[in-house]
Amino acid sequence: MTAQIIDGKAFAATVRAKVADHVARLQADHGLTPGLAVVLVGEDPASQVYVRSKGKQTKEAGMLSVEHKLSPDTSEEDLLKLIADLNADPSIHGILVQLPLPDHLDSDLVINAIDPAKDVDGFHISNVGLLGTGQKSMVPCTPLGCLMLLRDHLGSLSGLNAVVVGRSNIVGKPMAQLLLGDSCTVTVAHSRTKNLQDVVRAADIVVAAVGRPEMVTGDWIGEGATVIDVGINRIEGEGGKTKLVGDVDFESASKVAGAITPVPGGVGPMTIACLLANTITACCRANGLPEPEGLTA
Ligand code: NDP
């Protein structure tokens, strides 16, 4: 079997187009412009790249993009003051604090200072609780992107066996909650899971979010399974050049799976698209307007 490729890059473009369409309608019908504030503390190069592309795509969708770049030695007090100001600013509907924060700042404290209604990363403890209890929440962007790809590819997920490899708060756990919300039978695997290969092989849906290059190989995958590879790992390729690979060994897995996301071009582009989707959802909720269809969980 040769797997169908799930083209996350193309799907993310359709999500961004939907968002841009809705932004134009909000402006025309209600004079509203959704606004996203991104806060970056320090000079981590990867974070700077992410923040730049978030700002660019936010503007391209017709939204207001505000960036706050703070020095690495910013005090917790100053950061919390900025968040309080953004919480109170009616032109800002989404607030994202780029992680990781420098060591002297308490990430949980900072994230939980964001108004949950503006928490477009979905990391605030209230949103975690709402998602866990099946209530309307802001949903973390990467798992939301994976869910959108799965729904688009499979239609109904009801009754399917899903295995999520990885139990982080930003990917694995919310992914499991979303799959449960769509009535999958969900197994969450992690570094202590026994017989991991057998667990994965029994799944109709495999979501790999491990952070280990090409760990999940073709012989772990059940015939015809749908494989979502969240991993982004930079490894040394031919001629000493670095290349990006996922947590799944694409070459062997694509011979067995029914469908698979590539890396790059799979889940990656969905994350920022879902950030834009969450910002427009937050804007609609804040203004008592119907939420755009197909952009939330
Ligand atoms: P974390 O390091 O926070 O979590 C990794 C998880 O994998 C942990 O639960 C860990 O288990 C589990 N794990 C580690 N080794 C093994 C193993 N040998 N067998 C089984 N499970 C194992 O990573 P994240 O969730 O933040 O990210 C996962 C991957 O996704 C990374 O490659 C990251 O770069 C990528 N990523 C991609 C995004 C995107 O936009 N596409 C966004 C976010 C992340 P335990 O808890 O037991 O230690």
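Visitor: Is the crossing of helix 6 and helix 7 left-handed or right-handed?

Guide: The model here is a predicted one. In it, the axes of helix 6 (residues 141-154) and helix 7 (residues 172-181) come within 9 Å and cross at roughly 35°. The handedness of this crossing is right-handed.

Visitor: How many nonpolar, polar and charged residues make up the contact of helix 6 with helix 7?

Guide: Helix 6 contributes Pro143, Leu144, Cys146, Leu147 and Leu150. Helix 7 meets them with Pro174, Met175, Leu178 and Leu179. Sorted by class, the residues of this contact are 9 nonpolar, no polar and no charged.

Visitor: How many disulfides does the structure hold?

Guide: A disulfide needs two cysteine sulfur atoms within 2.5 Å. For cysteine 141, the closest cysteine sulfur is in cysteine 274, at 6.4 Å, so the two are too far apart for a bond. For cysteine 284, the closest is in cysteine 283, at 5.6 Å, which is also too far for a bond. The number of disulfides in the structure is 0.

Visitor: Is cysteine 284 buried or exposed?

Guide: A residue counts as buried when its relative accessible area is under 20%. Cysteine 141, at 5%, is buried. The relative accessibility of cysteine 284 is 0%, so cysteine 284 is buried.

Visitor: What distance separates the centres of domain 1 and domain 2?

Guide: The domain assignment places domain 1 at residues 30-115 and domain 2 at residues 141-269. Taken over C-alpha atoms, the separation of their centres is 29 Å.

Key. Residues numbered from 1 in each chain as written. Predicted model: local features only at pLDDT ≥ 70, side-chain atom pairs only at ≥ 80, totals over all residues. Heavy atoms only, no water. Axes fitted to C-alpha atoms, helices over the stretch in contact; angles between N-to-C directions. Helix = DSSP H or I, 4+ residues; strand = E, 2+ residues; numbered from the N terminus. Left-handed = near helix turned anticlockwise from the far one by under 90°. Contact = heavy atoms within 4.5 Å. Nonpolar A, V, L, I, M, F, W, Y, C, P; charged D, E, K, R; others polar. Buried < 20%, exposed > 50% of the residue type's maximum accessible area, 1.4 Å probe, protein only. Domains from an automatic or database assignment.
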